[in-house]
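Subject: Structure for your review

Dear colleague,

Please find the structure below, followed by an account of what was found in it. I would be grateful if you could read the account with the structure open.

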Amino acid sequence: MPTKIFAHRGASKYAPENTMAAFSLAYQQGADGIETDVHLTKDHTPVLMHDERINRTTNGTGYIKNYMFDQLQQLDAGSWFSSEFTGLRVVSLDEFLEWIHDKPLYLNIELKNNKIDYNNLESIVYDRVSHYRLLHRTTLSTFNPIGIERIKHLDRNISTALLTSKRVKNLASAANDLGANAVHIKYRLLNRLLIDQCHHEDMAVRVYTVNRPRRMLHCFAMGCDAIFTDIPETAIHFRNQYNNQ
Ligand code: G3P
Ligand code: MG
């Protein structure tokens with residue numbers, strides 16, 4: 001199976017991350033899937049943003065969890081990136097699911113419950129994905145091992161992935177013991193033994209964040225199941241080149 005290309009926070013090199021502009025561009029560029037990050041507002045609305053705070057990617061300040069969804073909607077989530085994107089709004093999970101449901105894209109929704117353990121984040125996200133009938137092409141990932149257990153408790157069939165940026169002893173068996181279906185690892189953790197161990201347990205290996213062509217080619221050659229990249233168009237170009245050599 002060729003390595004799948006996931007757009008990391010959308011095509012986030014060319015448009016502000018986790019906005020509809022970045023997601024649309026990823027689709028236009030031919031990505032196989034989209035990775036995005038989810039938090040909860042004060043009124044328990046799941047919204048797509050990477051950081052716990054809105055400071056870096058909007059014109060506001062403070063924590064997402066202290067804002068009502070309507071208040072977040074007043075903010076500008078585009079002009080920090082470039083004036084071309086002025087006026088873009090913070091995206092709710094529902095808006096994203098509504099947009100993606102008729103497109104042939106995989107979804108990787110990363111639950112940002114490792115720094116703030118949002119109440120019921122797992123079940124709220126699961127319900128929304130289920131509502132849009134997208135469970136079969138969605139992977140829920142998290143850096144929080146307890147999050148994996150909570151998701152599997154809701155539905156043992158939904159695909160889950162344990163994220164890690166650190167070297168973990170026996171990662172493949174640790175992830176497998178939690179019931180995860182994949183590991184999502186930082187590029188520097190990639191090695192042949194890990195791939196073999198994960199594949200032996202029937203777990204996928206997906207790698208982030210792969211933006212350099214040399215690294216993309218290494219992931220393809222190693223048989224990674226997917227890469228996360230900010231530049232999907234480039235990754236597709238190099239994958240075509242790799243497959244035709
Ligand atoms: O899900 C892959 C990657 O997005 C994990 O790290 O910090 O970019 O959300 P981060
Ligand atoms: Mg992420």
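A crossover is called right-handed if, with the strands pointing away from the viewer, the path from the first strand over the helix to the second runs clockwise. The model is predicted, and in it strand S6 (residues 138-142), helix H5 (residues 145-154) and strand S7 (residues 159-164) make a right-handed β-α-β unit.

Strand S7 and its partners

S6 and S7 run parallel and are joined by four bridges; in one of the pairings, threonine 142 has leucine 162 of S7 as its bridge partner. On to strand S8 (residues 182-186), S7 again runs parallel, with four bridges between the two. Leucine 162 also stands opposite valine 183 in S8. A right-handed β-α-β unit is formed here too, by S7, helix H6 (residues 171-178) and S8. S7 is mostly covered, with five of its six residues buried.

Strand S10 and its partners

Strand S10 (residues 226-229) pairs in the parallel sense with strand S1 (residues 4-8) over four bridges, and isoleucine 227 is the bridge partner of isoleucine 5. S10 also runs parallel to strand S9 (residues 204-208), to which two bridges join it; alanine 226 is the bridge partner of arginine 206. S9, helix H8 (residues 213-222) and S10 make a right-handed β-α-β unit.

In a regular strand the side chains alternate between the two faces of the sheet. In S10, Ala226 and Phe228 point one way, Ile227 and Thr229 point the other way, and all are buried.

In soluble globular proteins, nonpolar side chains tend to be buried together. The largest nonpolar core of this model has 31 residues, and those with the most contacts inside it are Phe96, Leu97, Ile109 and Val125. At least two residues of this core come from each of helix H1 (20-29), strand S2 (33-40), helix H3 (93-100), strand S5 (106-111) and helix H4 (121-131). H3 supplies the largest share, five residues. Apart from its neighbours within four places in sequence, leucine 97 is in contact with Leu107, Ile109, Arg128, Val129, Tyr132 and Leu134. A second, separate core has 30 residues, including Ile148, Met203, Val205 and Val207.

The magnesium site

The magnesium ion (ligand 2) is coordinated by Glu35 (OE), Asp37 (OD) and Glu110 (OE), at 1.9 to 2.1 Å. Along the chain, its donors follow the spacing E-x1-D-x72-E. Glutamate 35 has a relative accessible area of 4% and is therefore buried. Aspartate 37 likewise counts as buried, because its relative accessibility is 1%.

Cysteines

A disulfide is a covalent bond between the sulfur atoms of two cysteines. Zero disulfides are found in a search of the whole structure. For cysteine 198, the nearest cysteine sulfur is that of cysteine 224, 10 Å away, and cysteine 198 is in no disulfide. Cysteine 198 counts as buried, because its relative accessibility is 0%. For cysteine 224, the nearest cysteine sulfur is that of cysteine 219, at 4.1 Å, and cysteine 224 is in no disulfide either. With a relative accessible area of 1%, cysteine 224 is buried.

Yours sincerely

How values were computed
Residues numbered from 1 in each chain as written. Chains lettered and ligands numbered in written order. Predicted model: local features only at pLDDT ≥ 70, side-chain atom pairs only at ≥ 80, totals over all residues. Heavy atoms only, no water. Buried < 20%, exposed > 50% of the residue type's maximum accessible area, 1.4 Å probe, protein only. Pairing = 2+ DSSP bridges. Core = buried A, V, L, I, M, F, W, Y, C linked by side-chain atoms within 4.5 Å. Contact = heavy atoms within 4.5 Å. Donors = N, O, S within 2.8 Å, 3.2 Å for Na, K, Ca; no water. Disulfide = S-S within 2.5 Å.
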